[in-house]
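Student: Can we walk through this one together? I'll ask quick questions as I go.
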Amino acid sequence: MNRFSLRARLLVLTSALLLTGMSLIGVFVSVSLDRYQLDRIDGQLRSFTEIVSRMPVAEPVDVEPPADRPELLDPALDLVGTPYLVYLDADGAVVRELHSSGLDDAALPAPAELRAVPADGTAVEVVAADGGERWRAVALPARAWDGTVVAAAPLAEADATVAALRNSSVMSEAVLLVVLTGVGWFALGRGMRPLRRIEHTAAAIAGGDLSRRVPDLAAPNTEIGHLADSLNTMLGQLEKAFADRTASEARMRDFVWDVSHELRTPLFGIKGSTELYRMGGMPERSDVDEAMRRIDRESTRLAALTEDLLLLAMLDEAPEGQLEPTPMDLRTLAGDARHDDVRALDPSRPVELTGPDGIGPPGPAPALGDEARLRQVVANLAGNAVAHTPPGTAVRIGVGTVNGSAVMEVADEGPGMTAEQAGRVFDRFYRADRSRQRDSGGGAGLGLSIAKSIAAAHGGDVELETAVGEGACFRLVLPRLDQD
């Protein structure tokens, strides 16, 4: 059956069930009709036998049948439904018998069969003397003489009626089965049309068109409707997964390229200096000292880049495992950032310490965090503000509680960023100002990525508010520690 289509299998199954049902109904009807006819014949035989057994005659021989008048006897026996009447004496011998003229002796039940009929009015089945035809017989004891009255009727007519019913049922069932099978074939074809639409959609998706969706084929509360909705949900997730994988692969390629570029630059500087020294290109002591300073600078940058990459990898793999949280207040970090981070990088900058959004004085901002890691976040934010604004540009550090969260801000009055730059500023190796040279203070573009990853490991985030010409405000948001 697996070689056939679903349509053919459903049709075969439906036809088989239909044929079974019609056959059972036919059998039930024929059995019921046969039982009904037997009950009718048995009732007629009992009634007639009861009447005859009560007749006030001394001997059956007194009953003179009008044998010479069959035109009177036959209708009378047919009227009562008993074409054969037998009188048996006390020894079971046939004393007198009456039967229709159309019946010959070979078609009548044998005397031995009649003697075996119980004389209690129970109807039993007997066989004709020639063994061909079935008869129904009832016997009762006579009231006026010592003997038994037996009435019998043939079952040929009843059997013919049942056989005719069975033949007509078989013909009707065959015709009905053919008609319903044809109707079912077209109905199933129409009913499975939505599945073919789904099949075509799946084929298109397999061909690469991930934007295809299953159309509305039926009401949402039907099986086809549920299937279409489920498939469309699955297809949407697949399309998103493929898009995410493509984007992830693109980011991975960019990341690998950026890492290679960032590592290659200091390595080439170190290798160039050592090659120049090996080739004797540094005859003076001052040349050697300059080369060593360059090697030290590039190796320091290389070590810092390697540590940043390792930290990002650990934060991606198990962020909570890199933290040692303790109760703390972000006001401590804000005060240290004002003196140790911003002014250490540019003593000429005015730095203001305020509450969030520059409103009021600094407020309490209790949090549960790893102080060393959070200092790294604040240092990156402060260094970013100094690196990307002109010298002397004012910087504001705000700290406090906003909407139940501990907040610390580092805001500047620099040139700000475009929406495109703001959307990518937390990407790894992204630099908003590509013209900045490393020697002038530009980093590898990992500081803000590290800051955001550390904040996420604390259950918080680093947010950015900026616009072109309006400066930038980086906001560290952490869950507030309930000191109670």
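Student: Is the crossing where H7 passes H11 left-handed or right-handed?
Tutor: H7 passes H11 in a left-handed crossing. Left-handed means the near helix is turned anticlockwise from the far one by less than a right angle; clockwise would be right-handed. Keep in mind that this is a predicted model, where local features need pLDDT of at least 70, side-chain atom pairs count only at pLDDT 80 or more, and totals for chains, interfaces and linings use all residues. Residues are numbered from 1 along each chain as its sequence is written, and side-chain values use heavy atoms, without hydrogens or water.

Student: What counts as a helix here?
Tutor: Helices (H or I, at least four residues) and strands (E, at least two) are DSSP runs, numbered from the N terminus. The protein has eleven helices and twelve strands.

Student: Back to the pair. At what angle do the axes of H7 and H11 cross?
Tutor: Roughly 30°, and the axes come within 10 Å. That makes H7 roughly parallel to H11, because angles under 35 degrees count as roughly parallel, over 145 as roughly antiparallel, 65 to 115 as roughly perpendicular and the rest as oblique. Axes are lines fitted to C-alpha atoms, for helices over the stretch in contact, with angles from 0 to 180 degrees between N-to-C directions.

Student: Which residues in H7 and H11 meet?
Tutor: On H7, Asp308, Leu311, Leu312 and Leu315. They meet Ser449, Ile450, Ser453, Ile454 and Ala457 in H11. Contact means heavy atoms within 4.5 Å.

Student: How many residues does H7 have?
Tutor: H7 covers residues 285-317, which is 33 residues. From first C-alpha to last it reaches 48 Å, close to the 48 Å expected. The expected span is 1.5 Å times one less than the number of residues.

Student: Which residues of H7 are buried?
Tutor: Among them are Val288, Ile295, Leu302 and Leu305, and also Glu298. Buried means under 20% relative accessible area, exposed over 50%, and partly exposed in between (1.4 Å probe, protein chains only). Of the protein's 484 residues, 35% count as buried.

Student: What does Leu263 touch?
Tutor: Leaving aside neighbours within four places in sequence, Leu263 is in contact with Leu302 and Leu305. Leu263 lies in helix H6 (residues 223-278). At 25% relative accessibility, Leu263 counts as partly exposed.

Student: New topic. In what order do the five strands of the open sheet come?
Tutor: S2-S1-S5-S4-S3, with antiparallel pairing. S2 and S3 stand at the edges with a single partner strand each, so one side of each has no neighbour in the sheet. The twist averages 25° from one strand to the next. Two strands pair if DSSP finds at least two bridges between them.

Student: How many bridges join S3 to S4?
Tutor: Four. Glu125 stands opposite Arg136 in S4. Their hairpin has six residues between the strands, and there Gly131 takes a positive phi near 75°.

Student: And how many bridges are there for S1 and S5?
Tutor: S1 and S5 pair over six bridges. Leu85 stands opposite Ala151 in S5.

Student: Which helix lies across S1, S4 and S5?
Tutor: H1 (residues 6-53), running at about 35° to S4.

Student: Last one. Which loop holds Asn403?
Tutor: The one between S9 and S10. Asn403 has a positive phi of about 50°, though it is not a glycine. Asn403 is exposed, with a relative accessible area of 79%.
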